[in-house]
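Subject: Handover of a structure

Dear colleague,

Please find the structure below. I would ask you to keep it open while you read the notes that follow.

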Amino acid sequence: TQLVLICSLYSVVLNMAKSLDTLRDRVHVGPENLAGGFDERLLVDPPSDIPKCPVCIAVLKEPHLMSCCGAHICQMCIEPLKEASEPCPCCREPSYETLLNKNLKRKILCLTVRCDKSDCDWTGQLSHLM
């Protein structure tokens, strides 16, 4: 029975990984095109607990709290999934609500970033780039 349980869990994990890959493809995410979040490479001294989106794997932008599992997902990542009636990408719950987490958004916008142009020495709060 333990072997059956392990095989079942392995199958669930594989299916979740495939689902996340499909979701990333659906929102056109790649290293050169961060569909939802902010590019972590622009952060100056990023905190170790930087909140990242499980869909685009970038620093959360417009972080929405999932009612089903408490995960946070970028607004641009979750909206197409909601419109397509897709389940939660984290826990696979078919029914959920989302809510913008304004406190987390404020914390993220206070992070210090550098300019993405190589000849620029500017650093400042992420909110100044918005």
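A salt bridge is defined here as a side-chain nitrogen of Lys or Arg within 4 Å of a carboxyl oxygen of Asp or Glu. Side chains of opposite charge can pair when their charged atoms come close. By this definition, the structure holds three salt bridges.

Before the details, some conventions apply. This is a predicted model, in which local features need pLDDT of at least 70 and side-chain atom pairs count only at pLDDT 80 or more, while totals for chains, interfaces and linings use all residues. Residues are numbered from 1 along each chain as its sequence is written, and side-chain values use heavy atoms, with hydrogens and water left out.

Salt bridges

Asp-39 is partly exposed, because its relative accessible area is 24%, whereas Arg-41 counts as exposed at 60%.

Glu-40 forms a salt bridge with Lys-52, and their closest N and O atoms are 2.6 Å apart. Both residues lie in the loop between α1 (2-26) and β1 (63-66), so the pair ties together parts that are twelve residues apart in sequence. The helices (H or I, at least four residues) and strands (E, at least two) named here are DSSP runs, numbered from the N terminus. Glu-40 has a relative accessible area of 29% and is partly exposed; Lys-52, at 37%, is also partly exposed.

A salt bridge also joins the side chains of Glu-62 and Lys-105, at 2.9 Å from N to O. This pair links distant parts of the chain, 43 residues apart: Glu-62 is in the loop between α1 and β1, and Lys-105 is in helix α3 (residues 102-109). Glu-62 is partly exposed at 22% relative accessible area, and Lys-105 is partly exposed at 23%.

Helix α3

Which residues of α3 are buried? They are Leu-104, Ile-108 and Leu-109. Seen down the helix axis, the buried residues of α3 fall within an arc of 135° (taken from the directions from the axis to the C-beta atoms), so they line one face of the helix. An α-helix has 3.6 residues a turn, so residues three or four places apart point the same way. The face turned away from the buried side of α3 carries the exposed residues Lys-102, Arg-106 and Lys-107. The buried residues of α3 pack against β1, β2 (72-74) and β5 (123-125), where contact means heavy atoms within 4.5 Å.

Helix α2

In α2 (75-83), the buried residues are Cys-77, Ile-78 and Leu-81. Around the axis they cover an arc of only 80°, which puts them on the same side of α2. Met-76 and Glu-83 are the exposed residues on the face of α2 turned away from its buried side. After α2 comes Ser-85, whose phi is positive, near 55°.

Strands

Two strands pair if DSSP finds at least two bridges between them. β1 and β2 run antiparallel and are joined by three bridges; His-64 stands opposite Ile-73 in β2. The two strands form a hairpin with five residues between them, and Gly-70 in the turn has a positive phi of about 80°. β1 also pairs with β3 in the antiparallel sense, over three bridges, and Thr-98 in β3 is the bridge partner of Met-66.

Cysteines

A disulfide is a covalent bond between the sulfur atoms of two cysteines. Here, a pair of cysteine sulfur atoms within 2.5 Å is counted as a disulfide. How many disulfides does this rule give? The count comes to zero. Cys-77 is in no disulfide, and its nearest cysteine sulfur, that of Cys-56, is 3.8 Å away. Cys-77 counts as buried, because its relative accessibility is 0%. Cys-120 is likewise in no disulfide, with the sulfur of Cys-115 nearest, at 3.5 Å. At 29% relative accessibility, Cys-120 counts as partly exposed.

Yours sincerely,

A colleague

Notes: Buried < 20%, exposed > 50% of the residue type's maximum accessible area, 1.4 Å probe, protein only.
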